[in-house]
Amino acid sequence: MRGFPEYFTIWHIAGHYALRLMAYLVLGFLILPILVIIPLSFNAEPFFTFTQGMLALDPDAYSLRWYEEIVTDQKWTLAIRNSFIIGVAAAILATVLGTVAAVGLASPWMPFKRLITALLLSPMIVPLIIIAAGMFFFYTNFGLVGTYPGLIIAHAALGVPFVIITVTATLAGFDRSLFSAGLSLGASPVKVFWDVVIPLIRPGVISGGLFAFVTSFDEVVLVLFLAGPEQRTIPRQMFSGLREQINPTILAVATLLVVLSMALLVTLEILRRRSERLRGAG
Amino acid sequence: MAETALAAQATASGLGPEDARNAAREVRAQRVRAFLFVLPLLAFIFFAFVAPIASMLFRSAYNPTAAELVPTTLEAIESWDGEGRPDEAVLTQFAIDLKRLANDRTSGQLAEEINRFLPGTSSVVKSTARALRRAEDETLATGGAALLLDANEAWGEPGIWRALTQAGQVYSASYYLTALDLEMSREGTIQQRDTQIYLKLYGKTLWMALIITLLTLILGYPLAFHMAHSSTSRANFLMVFVLLPFWTSLLVRTTSWIALLQTNGVVNSTLMALGLTRDPLEMLYTQFSTIIAMTHILLPFMVLPLYSVMRGIDPSYMRAAMSMGSRPIPAFLRIYLPMSLPGLSAGALLVFIISVGYYITPALVGGTDGQMISNIIAFHMQQSNNWELAAALGSLLLFLIIALYWLYDRFVGAGNIKLG
């Protein structure tokens, strides 16, 4: 039992535990809905619900058939391929442009800094349905609707704010005199950027890129408006699956995505620690 | 400004005007260099994001369809005063145009355009077009008006012609009026429509967003408080439970709620097994399921800013108040709550802004009464093909979001958004 201050009455202590209970209930609310789909994805029956056999832990009630479906069904394999192609390309585009821009934005001499920052972060705030409608109108003029480049450009625009935020955060601990030192020694700004700045802010750049990748990987509204049948991604396939025929394959895909996000979370945590170490050393 | 200040400084410290000029040049070079770093991204964002938004705003007041389909008729009808039947010449010209459209298979488009201004006329236009398709050109040129009136007597009334003139306006605010449940009366004054659709939907969207914001606040505040006052290692461990849902695909989380809330789903089975209800509750495809799923999805957006602010609040303030005899609730309300306000307003505004424009979750679990404004925009984009109305509804939503973003920037600072 931990010690409470002397002025605490029994009500203070009760309140303390009530608060703690509330916090755990909320944590349960956050995490249980995600965990519940994992056992359901091993359902031997084509339902979204626990069967009697599953509750009795009968091994026959569990199966991997829905996972098999993912690998064999061409719709899903195409969707997985598309998600990675579009996600990686959009993340690279957003990371390259965003990192270079963040370095400029971090300069104390940057003109119109507040306005430009607000503009560059706005894709994060504007509702996706508005972006989707606008892109549909505008991209048609360039024949970008129903193409890979169209989706990559669209998703890169959504990823840019995340790159700006993470790289700017890393740059906050960056000693700008290193940049001036490089310039005064005769290196071009590009060379200084590449050889001095990038190695120091690398963790921020990588996590910004991961954010941009996840943004694209998870995005479905723009895909609904801009993609043709050839560019269907995983979330798009899940969306139509949930609307048309509900089938546990979706749960199997969802489980794989949960595992993927766990891996991502661990990666980001490692990057964050490394970034703190680098900053501590600098 | 910076340059003159530098010049003044240079003179004050005994340097010549030459040095001041050099300093000013250096500042300019720095500014240009910084801007050049941002320029590529700025150009990209203008093409990929700003121009599309601008074209949506433009589209909300620009509709060339009818004007492109029947330009000559629209030119001829300009002299009509809007009362009674237009001149014979107008009717004849329209009959000729309509025959051409019928053969080009574009008369349906015109029917749709006119129908927007006078519901129920779509079939009139379509049936007339069918009737005129095989008419001889010579007969049309002389007796087109009579053929038109034979095909449907509606062509003798002014209503359909007024709808045609309205549809023919390339630039018009009529879609905004529709989006606000207003219409232009014959006298040119603006009046309310008989049925309120969109304002009601905007109201419902804001109401749902408010409820979701309050729910995330009620759930998120105690959690953030508990985490902020745990040891660092414990807080980091609990943080995993907040970040995992945050990082998990939106579609996955929506799928979970479908599995939980459906008629034979986990929640209903549990309730029935516990004997709390005999018949399964209908929870999925309602406003209730939209609100609960969105609360779950947006809760991390509330917890993260709250936590980062609360972590910085020194617990000794509360201890001091309590040790001097304050009761916990007044001490909390007067000391802790005001100090946590920056996190609270950041989280609340963020959740509110995101939920106002939400599309996917209401589309999947909302049924009919859980639909929000985004869903009706998607409906007009994809099903009814009324792109101009979709654009007008979207523009209004955009203005609303910009106002909220402005508030957010003022109170929180857009540059202060933190992730993870």
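At what angle do helix H5 (residues 88-104) of chain B and helix H7 (residues 122-132) of chain B pack? The angle is about 85°, and their axes lie 8 Å apart. Please keep in mind that this is a predicted model, in which local features need pLDDT of at least 70, side-chain atom pairs count only at pLDDT 80 or more, and totals for chains, interfaces and linings use all residues. Residues are numbered from 1 along each chain as its sequence is written, while chains are lettered from A and ligands numbered from 1 in the order in which they are written.

**Helix pairs**

- Helices here are DSSP runs of H or I with at least four residues, numbered from the N terminus. Axes are lines fitted to C-alpha atoms over the stretch in contact, and angles run from 0 to 180 degrees between N-to-C directions.
- H5(B) and H7(B) are therefore roughly perpendicular to each other (65 to 115 degrees; under 35 is roughly parallel, over 145 roughly antiparallel, and the rest oblique).
- From H5(B), B:Ala95, B:Leu98, B:Lys99, B:Leu101 and B:Ala102 meet B:Thr128, B:Ala129, B:Arg130 and B:Leu132 of H7(B); residues are in contact if their C-beta atoms, placed from the backbone, lie within 7 Å. This contact has six nonpolar, one polar and two charged residues.
- In that count, Ala, Val, Leu, Ile, Met, Phe, Trp, Tyr, Cys and Pro are nonpolar, Asp, Glu, Lys and Arg are charged, and the others, Gly among them, are polar.
- Helix H19 (residues 373-382) of chain B and helix H20 (residues 387-411) of chain B cross at roughly 155°, their axes coming within 8 Å. That makes H19(B) roughly antiparallel to H20(B).
- The crossing of H19(B) and H20(B) is left-handed, meaning that the near helix is turned anticlockwise from the far one by less than a right angle; clockwise would be right-handed.
- In chain A, H4(A) and H7(A) pack with axes 6 Å apart, at an angle of about 40°. These two helices are therefore oblique to each other.
- H4(A) passes H7(A) in a right-handed crossing, and their contact has 21 nonpolar, six polar and no charged residues.

**Where the chains meet**

- Across the two chains, 81 residues of chain A are in contact with 78 residues of chain B.
- H1(A) gives the largest share of the chain A side, 16 residues. That side divides into 68 nonpolar, 10 polar and three charged residues.

**Inside chain B**

- Chain B is divided into domain 1 (2-47), domain 2 (66-168) and domain 3 (198-416), with bounds from an automatic or database domain assignment. The centres of domain 2 and domain 3 of chain B, taken over C-alpha atoms, are 52 Å apart.
- B:Gly220 sits in helix H11 (residues 198-228) of chain B. B:Gly220 counts as buried because it has 29 C-beta neighbours inside 10 Å (buried takes 20 or more other C-beta atoms within 10 Å, exposed 12 or fewer, and partly exposed is in between).
- Although B:Gly220 and B:Val303 are 83 residues apart along the chain, their C-alpha atoms are separated by 5.1 Å.
- Helix H6 (residues 107-117) of chain B has buried residues too, among them B:Leu110, B:Ile114 and B:Phe117. Their cover includes H5 and H7 of chain B.
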